[in-house]
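Please study the sequence and the three-dimensional structure shown below.

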Amino acid sequence: MEDADYMAAALALARQAASLDEVPVGAIVVKEGEIVGRGFNQPISRQDPTAHAEVMALRDAAARLGNYRLPGCELFVTLEPCAMCIGAIFHARIARVVFGARDPKTGAAGSVIDLFAEARLNHHAEVVGGVLAEECGALLSGFFAARRQKTQLA
């Protein structure tokens, strides 16, 4: 499968988040071509500020693989990771991160800050941004537009 195929799987999870009125971000972890972890944003429904899509996917992959370290794994996420998620990605030893839309407010893979480029940190991953960026961005934009419209009608 290609990066776009994996990102499409992450987008399906993002839509699942949206159906629960969570910010529509989805993530998957892939090892040797197989999806081994899935997650979507759930901080509201779980009342857990760490329940971002990336963290949920890392937790799922770690449980399935029986190891908190995920060497050789790739993470696909529909939105550029924040600093918290990149910390989790580093600790999991993810080899490659692929994201869709950039996040100009909290993106920590180049938009606001680039933690992957910080030489003083002990782990680094290959990073690819912009895969299915239009679809990922449109899902987020549509979600927030609908939320603003609800607020204005209330």
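This is a predicted model: local features need pLDDT of at least 70, side-chain atom pairs count only at pLDDT 80 or more; totals for chains, interfaces and linings use all residues.

A disulfide is here a pair of cysteine sulfur atoms within 2.5 Å. Two cysteines illustrate the result. C73 takes part in no disulfide, and the nearest cysteine sulfur, belonging to C85, is 16 Å away. C73 is also buried, because its relative accessible area is 0% and buried means under 20%. C136 likewise is in no disulfide; for C136 the nearest cysteine sulfur is that of C85, at 15 Å. With a relative accessibility of 1%, C136 counts as buried.

The interior may be considered next. In soluble globular proteins, nonpolar side chains tend to be buried together. The largest nonpolar core of this model contains 43 residues, and V29, I86, I89, I94 and F116 have the most contacts inside it. Several elements each supply at least two residues of this core: the helices α1 (3-19), α3 (53-65), α4 (83-92) and α5, and the strands β1 (26-31), β2 (34-40), β3 (73-79) and β4 (96-101). Helix α1 makes the greatest contribution, with seven residues.

Which residues does F116 contact, leaving aside its neighbours within four places in sequence? They are I86, I89, F90, V97, A108, A109, H124, A125 and V127.

Y6 counts as buried because its relative accessibility is 5%, and buried means under 20%. When its neighbours within four places in sequence are set aside, Y6 is in contact with M1, I28, V30, G33, E34, I35 and F76. Y6 and V77 are 71 residues apart in sequence, while their C-alpha atoms are 9.1 Å apart in space.

The backbone also deserves attention. Most residues other than glycine have a negative phi. D21 has a positive phi, near 65°, although D21 is not a glycine. This residue is found in the loop between α1 and β1. D21 is partly exposed, with a relative accessible area of 40%.

L132 also has a positive phi, of about 55°, and is not a glycine. Its place is in the loop between β5 (126-129) and α5. Is L132 buried, partly exposed or exposed? At 24% relative accessibility, L132 counts as partly exposed, because that class lies between the limits of 20% and 50%. Apart from neighbours within four places in sequence, L132 is in contact with A4, M7, A8 and L11. L132 and V29 are separated by 103 residues in sequence and by 17 Å in space, from C-alpha to C-alpha.

Finally, the reader may turn to the largest pocket, whose volume is about 440 Å³. Its lining consists of 21 residues, and V23, L79, D103, T106 and F144 lie nearest its centre. Which helix gives the most to this lining? It is α5 (residues 133-153), with five residues. Sorted by class, the lining of the pocket comprises 11 nonpolar, four polar and six charged residues.

How values were computed: Residues are numbered from 1 along each chain as its sequence is written. Side-chain values use heavy atoms; hydrogens and water are left out. On a 1 Å grid over the protein atoms alone, a cavity is a set of points where a 1.4 Å probe fits but cannot get out, and a pocket is an open set with protein on both sides within 12 Å along at least five of seven lines; lining residues have an atom within 4 Å of a point. Grid points are joined across faces, edges and corners, and a volume is the space filled by probe spheres set on the points. Helices (H or I, at least four residues) and strands (E, at least two) are DSSP runs, numbered from the N terminus. Ala, Val, Leu, Ile, Met, Phe, Trp, Tyr, Cys and Pro count as nonpolar, Asp, Glu, Lys and Arg as charged, and the others, Gly among them, as polar. A nonpolar core is a set of buried Ala, Val, Leu, Ile, Met, Phe, Trp, Tyr and Cys residues joined through side-chain atoms within 4.5 Å. Buried means under 20% relative accessible area, exposed over 50%, partly exposed in between (1.4 Å probe, protein chains only). Contact means heavy atoms within 4.5 Å.
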